[in-house]
Amino acid sequence: MRPAILLSGLALGALAIPVIVGLLPNATTPHSALFDETIGGESSQANESQTHEPSSLRQVGVPPDNALPQLTNMAAQVDESTAADTKEDEDRVQARVAELFELSSKLAPAALETLLAEVRNQNPEIRQAALDAISQSGNRTLIPRLLQAAEETEDADQRRAIAETVEFLNLPTLSEVMSETNNP
Amino acid sequence: MPNTLKLLLGFAFFAGGAVQSMAQNTVLNIVQELRFKLTGYYQMSGTENSTTFFRNAGKVSITNKDIINLLERQLNIIFTTDAKLMLISATPVDPTPRVVVRDKFEGEKFDTEVTQFFGAEVLASIEDTKINKNPLKTNGTSYDVLAFELKLTEANFRIQGFANMHVGTGKYEGESAAIVHTGKVNTTGSGEYQVSVLGAAVPVALFGTVQVTGSEVKAMVE
């Protein structure tokens, strides 16, 4: 009896496998579905008419062959426009950096306020340019405002950069040292 | 001839077309601004207590203002607070660009040549760039080593350093005319300053940055 039951069970299991596979949900990913619907629409339809494979066995993420050149062109266009945007941004930053350095020799309060404001700029290159311009100015009256800016920021790198600028401003300049030595 | 030099000579021919109608001794130069931000360590007088000798290091800052002050005394010229240190490089390639002090007097710009006292040298320049052929446009990075030397009666120093420079296109009258490098050079070096006319020179150990900015190309008569 026992072997008969065993054999019956195996036979039932063998019959159940195709049924279970047939009931599995469609395994297409959003990625391959996009190719079917947009770029590879026609060819995917042709492929479906020529070959019939269970959707669960379809390769995930593989576009139809004729989609590749179009995808390459699209990627190149995105790269070019990204590169152009990046170049424009770089030019804007460089222009602002040049403006800030122009201010380093000015004593007008408005010029100093602009430099101090840019110490808090989102762009790290502009922030550093503002700090460098303040260092070039040698204006020690800005130190309290710089210390305040350091306290108000949570960015450790920004705090360090401000602290280095304050330390640099606090140093005696070569002109001061030579002047003291020559005129004690 | 290295490929880079061939390419840059190509720029020279292009730029040459822009000045065909000009006098023969008019050349195109790249005009950039230099900003020095250096820290110097120098030996101060020693101190001692009953048990210990102390050798003390002093620290000093050096910026464009200090360099221009020193040049003023050397040249017997008084510059304004707007005076700038400029680097003038010949096109297409100039391993020893000139340094001038640019100032304004009654609204007019004037340059004072100081190369005999303050020199610059491009020791190495390796580019990693893309050069668009038409229109001519350059973009990329260069790995440069630059040196600057100040030789004055009262003070002298030599600093040298590496920079990852941005490479761009300099324009003359709206047309691409030169490849221009801009960036910040991390420098180290040494020097000394004179305590007094009869006093000893004080050695200084230096580190800091030199910022090179600007991509202006100007026609100059030489």
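The model is a predicted one.

I looked up the secondary structure of chain A next: 9 helices and 0 strands. Read from the N terminus, the order is α-α-α-α-α-α-α-α-α. For contacts in chain A with a separation of 6 or more, I noted that 62% are between residues 24 or more positions apart.

I then turned to the largest pocket, whose volume is about 930 Å³. I listed 35 lining residues; nearest the centre lie A:Ala98, B:Thr213, B:Gly214, B:Ser215 and B:Glu216. By type, the lining splits into 8 nonpolar, 11 polar and 16 charged residues. Which element gives the largest share of the lining? H4(A) does, with 10 residues. Among the elements of chain B that each supply at least two lining residues are S1, strand S9 (137-151) and strand S12 (201-221).

Last entry: B:Arg35, which sits in strand S1 (residues 26-43) of chain B. Buried or exposed? I count B:Arg35 as buried because its relative accessible area is 5%, under the 20% cut-off. Its side chain makes a polar contact with the side chain of B:Thr213, at 3.1 Å. B:Thr213 is also one of the residues nearest the pocket centre. Setting aside neighbours within four places in sequence, I found B:Arg35 in contact with A:Phe101 and A:Gln136 of chain A, and with B:Asn64, B:Thr209, B:Val210, B:Gln211 and B:Thr213 of chain B.

Key: Residues are numbered from 1 along each chain as its sequence is written. Chains are lettered from A and ligands numbered from 1 in the order in which they are written. This is a predicted model: local features need pLDDT of at least 70, side-chain atom pairs count only at pLDDT 80 or more; totals for chains, interfaces and linings use all residues. Side-chain values use heavy atoms; hydrogens and water are left out. Helices (H or I, at least four residues) and strands (E, at least two) are DSSP runs, numbered from the N terminus. Buried means under 20% relative accessible area, exposed over 50%, partly exposed in between (1.4 Å probe, protein chains only). A polar contact is a pair of N or O atoms within 3.5 Å; within protein, one must be able to donate a hydrogen and the other to accept it, and residues adjacent in sequence count only if both atoms are side-chain atoms. Contact means heavy atoms within 4.5 Å. On a 1 Å grid over the protein atoms alone, a cavity is a set of points where a 1.4 Å probe fits but cannot get out, and a pocket is an open set with protein on both sides within 12 Å along at least five of seven lines; lining residues have an atom within 4 Å of a point. Grid points are joined across faces, edges and corners, and a volume is the space filled by probe spheres set on the points. Ala, Val, Leu, Ile, Met, Phe, Trp, Tyr, Cys and Pro count as nonpolar, Asp, Glu, Lys and Arg as charged, and the others, Gly among them, as polar.
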